[in-house]
Amino acid sequence: VDGLKLFNTVADYLVINVSSPNTPGLRDMQQKDSLKALLSQVNAAKATLEHPKPIFLKLAPDLTQSELKDICKTIKRKECSVDGLIISNTTIDRSTVLRSPNAAETGGLSGKPLKEKSTRMIEDAYKMTSGKIPIIGVGGVGSGQDAYEKILAGASAVQLYTSFIYEGPPLVTKVKRELDEILKGNGFECVEQAVGQGVQKESKSWFSYFF
């Protein structure tokens with residue numbers, strides 16, 4: 001609540017990060033009772049602001065299906081609503097084949113080992129929310145193809161982190177160019193048309209703040 005009041009006037013959107021694996025106990029706030037209490041307080045504070053900015057909830061990729069379902073049910077409540085989800089934070093899962101001698105160290109793992117895990121979670125959340133809540137997809141995006149896969153899974157926008165560290169600012173132009181070519185090659189005129197098109201679902205209702 002303090003962060004919301006302090007940064008609302010200088011931010012484009014605000015993120016409630018309850019998913020960092022590097023802060024002891026933080027991920028416990030993703031549990032439904034703790035999350036309800038947090039989001040209801042944030043929304044009450046947001047209602048007092050003259051020009052409130054969109055608020056996104058950032059989730060961990062290591063949630064169980066049951067936990068993710070509880071979160072999606074929670075954010076459908078008016079008093080606990082958010083403007084979108086960010087999927088996902090880094091993972092503590094080490095089941096992937098890692099060659100580094102530091103593979104077993106504690107902390108969050110990002111980049112390519114996270115890509116498929118985060119994409120699957122985007123699809124699950126997209127289904128559970130019937131495509132009605134915007135999703136920012138993040139985790140292993142380093143090419144236009146990577147971005148496209150997350151968009152098909154239900155992401156309205158994507159973020160770069162690890163690949164940006166390794167390749168720098170020129171990567172953004174590269175990803176945009178590649179994504180544009182892939183969209184056109186698959187008959188889409190814009191990102192918006194492709195969102196969630198790789199997901200088998202009953203409802204195709206969705207919207208986006210970003211495109």
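**Group meeting talk: a walk through the predicted model**

Okay, let's start with S130, which sits in the loop between helix 4 and strand 4, the strand covering 135–138. Before I go on, keep in mind that this is a predicted model. S130 has a phi near 55 degrees, a positive value, and this residue is not a glycine. Is S130 buried, exposed or partly exposed? With a relative accessible area of 29%, S130 comes out as partly exposed.

S88 lies in the loop that runs from strand 3, residues 84–87, to helix 4, residues 112–128. The peptide bond between I87 and S88 is cis, with omega at about 10 degrees.

Now helix 4 itself, and its neighbour helix 5. When you look at two packed helices, you describe them by the angle between their axes and the distance between those axes. So what are the values here? Helix 5 is residues 144–153, and its axis comes within 8 Å of the axis of helix 4, with a crossing angle of roughly 25 degrees. Angles under 35 degrees count as roughly parallel, so helix 4 is roughly parallel to helix 5.

Which residues make that contact? From helix 4 you have K115, S118, T119, I122, E123 and Y126. From helix 5 come D146, E149, K150 and A153. Sorted by class, the contact has five charged residues, three nonpolar and two polar.

Let's stay on helix 5 for a bit. Eight of its ten residues are buried, so helix 5 is largely enclosed by the rest of the structure. If you want to find them on screen, the buried ones are G144, D146, A147, Y148, K150, I151, L152 and A153. What do they pack against? Helix 4 is one partner, and the others are strand 4, strand 5 (157–159), helix 7 (170–185) and helix 8 (191–194). Just past the end of helix 5, G154 has a positive phi of about 130 degrees.

On to the inside of the protein. The largest nonpolar core has 45 residues, and L57, L59 and L85 touch the most other members. There is also a second, separate core of five residues, including F56, I136, V138 and A157. Take L85 as an example: leaving out residues up to four places away in sequence, L85 touches F56, L57, L59, I75, A125, I133, P134, I135 and I136.

Two more spots, and then I'm done. Is T162 buried or exposed? Its relative accessibility is 19%, and since buried means under 20%, T162 counts as buried. Beyond four places away in sequence, T162 touches S110 and G111. Look at G111 in particular: its backbone nitrogen lies 3.4 Å from a polar atom of the T162 side chain.

The other spot is K32, in helix 2, residues 32–46. K32 is partly exposed, at 40% relative accessible area. Again skipping residues up to four places away, K32 touches D70 and T74. Have a look at I71 as well: K32 and I71 are 39 residues apart along the chain, yet their C-alpha atoms are separated by 6.2 Å.

Methods
Residues are numbered from 1 along each chain as its sequence is written. This is a predicted model: local features need pLDDT of at least 70, side-chain atom pairs count only at pLDDT 80 or more; totals for chains, interfaces and linings use all residues. Side-chain values use heavy atoms; hydrogens and water are left out. Helices (H or I, at least four residues) and strands (E, at least two) are DSSP runs, numbered from the N terminus. Buried means under 20% relative accessible area, exposed over 50%, partly exposed in between (1.4 Å probe, protein chains only). A polar contact is a pair of N or O atoms within 3.5 Å; within protein, one must be able to donate a hydrogen and the other to accept it, and residues adjacent in sequence count only if both atoms are side-chain atoms. Contact means heavy atoms within 4.5 Å. A nonpolar core is a set of buried Ala, Val, Leu, Ile, Met, Phe, Trp, Tyr and Cys residues joined through side-chain atoms within 4.5 Å. Axes are lines fitted to C-alpha atoms, for helices over the stretch in contact, and angles run from 0 to 180 degrees between N-to-C directions. Angles under 35 degrees count as roughly parallel, over 145 as roughly antiparallel, 65 to 115 as roughly perpendicular and the rest as oblique. Ala, Val, Leu, Ile, Met, Phe, Trp, Tyr, Cys and Pro count as nonpolar, Asp, Glu, Lys and Arg as charged, and the others, Gly among them, as polar.
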